[in-house]
Amino acid sequence: MTADTSGWGIPVGYANEFLLDREILDKDDTPVGKVDDLDFEILPDGSPVLSAILCGPTALGPRLGGRLGTWWVSIARRLRPNDDPTPVHVGIDDVDHVDRETLRLRITGSNAGTLRLQRWVDAKIVKRIPGGE
Amino acid sequence: MATAQLMADEVLRGRTTLAYADTVVTDAENDVSAVQTAFDTRQPPDATSITLRDEFDNVLQDAVTAAQDLRIAVRRDDAHAIRDGLDEAAKAVAQLQRYSR
Amino acid sequence: MKRLLNLTLGVMTAIGGFVDIGNLVTSGITGARFGMSLAWALLLGTAGMTLYGEMAGRVTAVSRRPIFHVVRERLGVRTAMVNLVASLLLNVLTLAAEIGGVGLALALASSINYILWVPIIGFLVWFFIWKVPFAVIERVFGLLGLALMVFVVALFHLHTHWHALASGIVNPVVPSGEGHPTWWFYAISLIGAALVPYQVFFFSSGGIEEKWSVEHLGEMRANALIGFPLGGLLSLAIMAAAVPVLQPRSIGVNHLGEVGLPVIAALGKVGLIIMLLGFFAATFAAAVESAMSSGYITAQYLGWSWGKQVRPSQAPRFHVVCLITVLLGTAFMLTTVDPVKVTLVSVVLGAAAIPLTFFPILVVANDRRLMGKHANGRIVNALGFAFFVVIVAVSVATLPLLFITKAGQ
Amino acid sequence: MRLVEVIGCAVVDAGGQSLGEVHDVRLVADGPRDANGRSRYRLDALVVGAGGMAHKLGYSHDAVSGPWPLASIFRRTIRRSLVVPWSEVEAFDRPTIRIGVRKADLTSLADADDRRDDT
């Protein structure tokens with residue numbers, strides 16, 4: 001359709017086939033989450049343009065749908081510091097490239113804001129078990 | 001019951017460890033007494049079956065006792081007692097088979 | 001030379017890893033009760049595990065990503081969530097059964113009631129996940145599990161009627177006095193014992209932990225194509241050994257101790273001790289593997305970091321899921337449920353859940369964008385699809401049979 | 001607008017005929033440039049109708065061609081998936097999307113011209 005190889009390495013594609021549910025790795029190859037949802041901004045001409053990758057339990061919940069989804073989101077909100085229902089946004093400028101399996105960031109995971117739960121679990125549980133340093 | 005008999009045989013032939021034999025025979029004893037308990041809790045429908053039930057219960061009781069004796073003998077590793085227990089068990093099994101026909 | 005050693009190690013650990021409490025119990029029960037008339041189910045299950053194990057390993061090595069990523073990408077969040085929840089529940093059930101199995105093995109060795117061993121075993125399982133390197137767990141227990149070869153030796157020492165055994169395998173007949181539903185229930189239990197979901201996840205995630213890539217395809221294939229079938233052979237030996245010793249005396253297998261009677265009859269004390277070592281290693285390894293499998297699939301579904309290559313503080317959520325699984329499994333065993341019953345139910349439910357995992361594997365192994373020239377060939381596809389139809393049928397029949405036969409009574 | 005709000009919406013064509021639910025979207029990298037000078041992804045079209053599962057599994061692409069007979073079954077369901085350009089959307093009021101064209105004027109996902117350019 002187009003020879004333009006801009007974008008993130010795949011010029012034209014379907015969300016389910018190259019982006020949604022893919023693993024997100026930071027620039028050091030550390031897993032930082034999954035592409036749980038996508039956020040679009042609507043341009044003045046009415047066309048939606050991808051503005052962020054959404055990540056984390058509050059993004060996943062609505063996709064599960066039904067009672068499980070609602071329940072999932074309410075638990076996830078409680079685990080967040082300020083009961084904030086907005087999921088973690090990974091800005092499109094921080095994305096390096098995608099292939100069909102992974103989405104790679106140009107920043108480290110700690111800057112992407114997706115590792116809050118991991119750090120909490122580490123500090124509150126794992127570090128307190130002998131040998132958990 | 002057959003499990004306990006086979007196990008006791010192997011004990012006599014010195015082919016097993018006592019711990020293993022003890023565990024197996026204890027389990028077997030529990031199984032037999034579980035059968036008896038299950039049987040005793042059944043409500044017999046009429047007078048003839050009450051008599052029959054009592055007879056069969058006696059036979060079951062013999063089996064339980066035989067299993068107990070075997071277990072005790074095995075635990076003490078007493079060859080003589082094990083042989084007695086085996087005889088007892090064989091009788092109980094023969095009776096059980098008569099009733100199950 | 002080192003390569004060859006690795007290969008042998010891999011194959012042997014696959015044998016040891018394949019056999020767990022499920023195989024011990026189902027093979028023992030069916031051999032004692034049905035002779036060799038259900039050997040076909042064991043062989044079928046093993047063939048299926050080999051086929052799909054190889055496929056899963058190939059997808060893992062080529063894409064360098066474990067299977068549960070693929071499950072979510074291809075099945076979508078919701079169906080994958082169903083698979084995740086089902087697999088997690090099964091892992092807890094399987095883990096409980098394995099912990100019970102280790103307890104029973106220790107009880108047979110010590111005559112101390114298994115229930116007293118359960119908390120200690122639970123702790124040890126967690127400790128191994130927490131501290132012991134992956135390769136050590138896999139190799140030490142895989143190799144010790146080979147002690148179960150003693151059943152093969154026993155088979156040669158017993159007065160085995162090889163001809164009758166073989167004809168039992170080739171012409172299966174439902175023994176008189178046994179109902180067809182019961183016979184089919186145990187057939188499913190044997191298929192399920194070979195196809196436990198955690199084994200697929202562990203095999204694949206373990207490949208990532210060992211850094212498999214396309215160059216390791218040969219090693220992976222050898223593990224799957226030699227290891228799993230030999231593991232199946234071991235199960236077959238357990239079944240066959242029960243036939244001459246237990247069946248004529250109509251001894252039913254209700255406890256792990258009865259599974260071992262043929263070895264005692266054939267080989268005496270030495271055989272008994274080796275066998276107990278095998279029981280212990282096989283069930284303990286499986287306990288560790290099923291608990292880790294929970295951590296693996298949860299982390300892979302949600303995109304967390306996982307595994308034993310990184311320090312616990314780098315994968316804290318993975319370790320917490322493993323810990324919770326161990327706690328739940330241990331607590332369940334402490335309710336004094338019969339480990340043998342738990343085993344039967346877990347293998348049968350496992351057979352019902354496995355299509356959700358095998359289906360995406362079969363599809364992805366056909367995706368040439370991902371697999372390139374390593375995609376499935378025609379023969380593998382034909383066999384894979386045929387077996388998939390079989391397990392779907394099994395999965396549909398499982399619950400009705402479970403209730404009709406009251407778990408095979 | 002989150003993708004989850006679009007997925008699952010029922011699509012109704014200009015004649016009032018229901019086309020099924022949205023199960024995927026086509027993204028084309030021809031939007032305004034981002035901070036790194038790359039074109040941003042624009043939501044170009046909705047994929048509507050049966051075959052969501054088959055599409056997700058990968059069967060809309062030629063590279064997934066087995067195993068028989070699953071491949072041919074899934075291929076057939078994908079033929080019933082329609083591609084609806086976003087520019088045709090007239091009203092987006094979750095859970096319904098109204099479009100300004102008729103079903104007959106839409107292309108099937110299987111005929112979309114970008115299917116074979118990235119093997």
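**Reading a predicted model: chains A, B and C**

Q: What share of the 101 residues of chain B counts as buried?
A: The model is predicted, so local features need pLDDT of at least 70 and side-chain atom pairs count only at pLDDT 80 or more, while totals for chains, interfaces and linings use all residues. Residues are numbered from 1 along each chain as its sequence is written; chains are lettered from A and ligands numbered from 1 in the order in which they are written. A residue is buried if 20 or more other C-beta atoms, placed from the backbone, lie within 10 Å of its own, exposed if 12 or fewer, and partly exposed in between. By that criterion, the buried share of chain B is 35%.

Q: Is B:Ala38 buried or exposed?
A: B:Ala38 is found in helix α2 (residues 18-40) of chain B; helices (H or I, at least four residues) and strands (E, at least two) are DSSP runs, numbered from the N terminus. Because B:Ala38 has 9 C-beta neighbours inside 10 Å, the residue counts as exposed.

Q: In what order do the elements of chain B run?
A: Chain B has four helices and zero strands. From the N terminus on, the order is therefore α-α-α-α.

Q: Which element of chain A has the highest confidence?
A: Confidence is given by pLDDT, the predictor's score for each residue from 0 to 100. Chain A averages 83, and 88% of the residues score at least 70. The lowest mean, 73, belongs to helix α4 (residues 109-112) of chain A. The highest, 94, belongs to strand β4 (residues 37-42) of chain A.

Q: Which residue of β3(A) is the bridge partner of A:Ile24?
A: Four strands of chain A form an open sheet of mixed pairing in the order β3-β2-β8-β7, where two strands pair if DSSP finds at least two bridges between them. The edge strands, pairing on one side only, are β3 (31-34) and β7 (95-98) of chain A. Strand β2 (residues 23-25) of chain A runs antiparallel to β3(A) and is joined to β3(A) by three bridges. The partner of A:Ile24 is A:Gly33.

Q: How are α9(C) and α18(C) oriented to each other?
A: The axes of helix α9 (residues 180-194) and helix α18 (residues 378-404) of chain C come within 10 Å and cross at roughly 130°; axes are lines fitted to C-alpha atoms, for helices over the stretch in contact, and angles run from 0 to 180 degrees between N-to-C directions. Residues are in contact if their C-beta atoms, placed from the backbone, lie within 7 Å; those that meet include C:Trp184 in α9(C) and C:Leu401 in α18(C). Angles under 35 degrees count as roughly parallel, over 145 as roughly antiparallel, 65 to 115 as roughly perpendicular and the rest as oblique. The two helices are therefore oblique.

Conventions. Two residues are in contact if their C-beta atoms, placed from the backbone, lie within 7 Å.
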